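Let's take a friendly walk through a protein model, looking at its aromatic rings and its nonpolar core. Have the structure open as you read.

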Amino acid sequence: LDVVYDIRLAAFQTSPGDEWRRASASEVEVGFREPSFRGRFVSLQGTAWYFYAGAAHGGMNFITATFLLEPFLRVPNLTTLLKNASSSFDRLQSMIREALLRVNLAEEGAEPIRLDRDWVERGTESPSDFQSFSLEENAATLYFAPYHVGPYAAGPQVIDLPYADLRPLLRPEMLDALQLP
C-alpha cells in the first residue's frame, strides 16, 4: 500500500492543471511471490511496477518484509541481524559491494560489463540501503531497484549472501532464530 500511496501522492505534488492530470494518470501493478521461511523467520517479497503518464519509461521497486515469528517483530533491514554495529556493518557493506561489482550485465559470451563502483558505493552507504531483503533457505537475498546501485538500463540487481559468509557477523540470537546447521 505504501508504494501505491506514494505514486498517488505525486498527483498532489505538482502544479494544478495539465501536469496534475498527467501525474494522476499513473498505473501501478504489484505482485508477490510465495513467502519464504528460514528458521523462525518469514520473508515476503514483491515487486511494484508503475508508470506515470508522460514519463520516458516505467519504474519498479521491490517490496519486502521480514518478520521474526517468535517473539514477533518486523526486521527493518539486514543490519538488524548484526552483532557489532560498526565493524559488522563495514564487513557486510564490503560483501554487498563486492557481490554487486561481480555482476555481469553483458549477454552471455560478450565482453563483461560491470556496474560503476562509485554508483554502487553511493547506493550502499547506509543501513537503509539494505531494507529490501529476504531470508531464503541458504542465503540472505538483497534487492536493489533500478537507479539504486546502477543506471536504469542496468535494471534491478538481486544478490545472495550465503549464510556461511554471514555467520561471523550475526548476533547469537539471530543465528539461533535462523536455525542454521
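## Aromatic pairs

Tyr152 counts as partly exposed, at 32% relative accessibility. Keep in mind that this is a predicted model. Tyr152 forms an aromatic pair with Tyr147, which is partly exposed too, with a relative accessible area of 47%. How are the two rings arranged? The pair is tilted, with 35 degrees between the planes and 5.7 Å centre to centre.

The count of aromatic pairs comes to four. Another of them joins Phe67 and Phe72, and this pair is stacked: the planes are 10 degrees apart and the distance is 5.5 Å centre to centre. Is Phe67 buried or exposed? Phe67 counts as buried because its relative accessibility is 19%, and buried means under 20%. Phe72 counts as exposed, at 62%.

## The largest nonpolar core

Now for the inside. In soluble globular proteins, nonpolar side chains tend to be buried together. Here, the largest nonpolar core has 34 residues, and among those that touch the most other members are Phe41, Leu78 and Leu135. Helix H3 gives the largest share of this core, seven residues.

## A look at Phe89

Phe89 lies in helix H3, which covers residues 85-102. Phe89 is buried, with a relative accessible area of 12%. Beyond its neighbours within four places in sequence, Phe89 is in contact with several residues, including Thr79, Leu82, Pro127 and Phe130. The C-alpha atoms of Phe89 and Leu169 are separated by 8.4 Å, although these residues are 80 residues apart along the chain.

Key:
Residues are numbered from 1 along each chain as its sequence is written. This is a predicted model: local features need pLDDT of at least 70, side-chain atom pairs count only at pLDDT 80 or more; totals for chains, interfaces and linings use all residues. Side-chain values use heavy atoms; hydrogens and water are left out. Helices (H or I, at least four residues) and strands (E, at least two) are DSSP runs, numbered from the N terminus. Buried means under 20% relative accessible area, exposed over 50%, partly exposed in between (1.4 Å probe, protein chains only). Contact means heavy atoms within 4.5 Å. A nonpolar core is a set of buried Ala, Val, Leu, Ile, Met, Phe, Trp, Tyr and Cys residues joined through side-chain atoms within 4.5 Å. Rings of Phe, Tyr and Trp (its six-membered ring) pair if their centres lie within 6.5 Å; planes under 30 degrees apart count as stacked, over 60 as edge-to-face and the rest as tilted.
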